Amino acid sequence: MNKEYVIQTDGAYRIADTRVSLDSLVYSWLQGDSPETIADNFPVLSLEQIYGAIAFYLAHQIEVDAYLRKAERDYENLQAQSRARDSALHRKLLAAKIAKNQAAA
């Protein structure tokens, strides 16, 4: 019997029958979280789903890593576009962040 633990829908990888992204699980696992810790962080997932998703990642690592890199590039591009459109807002936010950090120091 062959069970699908990961599906691809609308260009995104998801844990089957959930809304949890494979990205979240993979990043957690790559940071050293055990499947049990991941289960604690994502209570909607069973250990079977987590191990199945990790096995899927390992079997498709080149493809999934390329997908993750593209998602990171897309995110960085969106950030840059947002900064360019609302540069005054971003300057205010950055100034507030710096002021907060200086006050905390």
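View 1. Ile7 has Arg14 of strand 2 as its bridge partner. Strand 1 (residues 6–9) and strand 2 run antiparallel and are joined by 4 bridges; two strands pair if DSSP finds at least two bridges between them. Between the strands of this hairpin lie 2 residues, and Asp10 takes a positive phi near 50°. Strands (E, at least two residues) and helices (H or I, at least four) are DSSP runs, numbered from the N terminus. The model is predicted, with local features requiring pLDDT of at least 70 and side-chain atom pairs counted only at pLDDT 80 or more, while totals for chains, interfaces and linings use all residues. Residues are numbered from 1 along each chain as its sequence is written, and side-chain values use heavy atoms, with hydrogens and water left out.

**View 2. Helix 1 and the residue Gly32.** Helix 1 spans residues 22–30, and its buried residues include Leu22, Asp23, Leu25, Val26 and Ser28. Buried denotes under 20% relative accessible area, exposed over 50%, and partly exposed in between (1.4 Å probe, protein chains only). Just after helix 1, Gly32 adopts a positive phi of about 100°.

**View 3. The largest nonpolar core.** A nonpolar core is a set of buried Ala, Val, Leu, Ile, Met, Phe, Trp, Tyr and Cys residues joined through side-chain atoms within 4.5 Å. The largest one has 19 residues, of which Val6, Tyr13, Ile15, Leu22, Leu25, Ile50 and Val64 touch the most other members. At least two residues of this core come from each of strand 2 (12–15), helix 1, helix 2 (35–41), helix 3 (47–59) and helix 4 (61–85). Helix 3 supplies the largest share, 5 residues. Neighbours within four places in sequence aside, Val64 is in contact with Tyr13, Leu22, Phe56 and Tyr57, where contact means heavy atoms within 4.5 Å.

**View 4. Aromatic pairs.** The structure contains 3 aromatic pairs, defined by ring centres of Phe, Tyr and Trp (its six-membered ring) within 6.5 Å; planes under 30 degrees apart are stacked, over 60 edge-to-face, and the rest tilted. Tyr13 and Tyr67 pair edge-to-face, at 4.8 Å centre to centre with 85° between the planes. This pair links strand 2, which holds Tyr13, to helix 4, which holds Tyr67, across 54 residues. Tyr13 is buried, at 4% relative accessibility. Trp29 and Tyr57 also form an edge-to-face pair, with 6.1 Å centre to centre and 75° between the planes. Because Trp29 lies in helix 1 and Tyr57 in helix 3, the pair ties together parts 28 residues apart in sequence. Trp29 is partly exposed at 26% relative accessible area, whereas Tyr57 is buried at 1%. Ring pairs link Tyr13, Phe56 and Tyr67 into a cluster.
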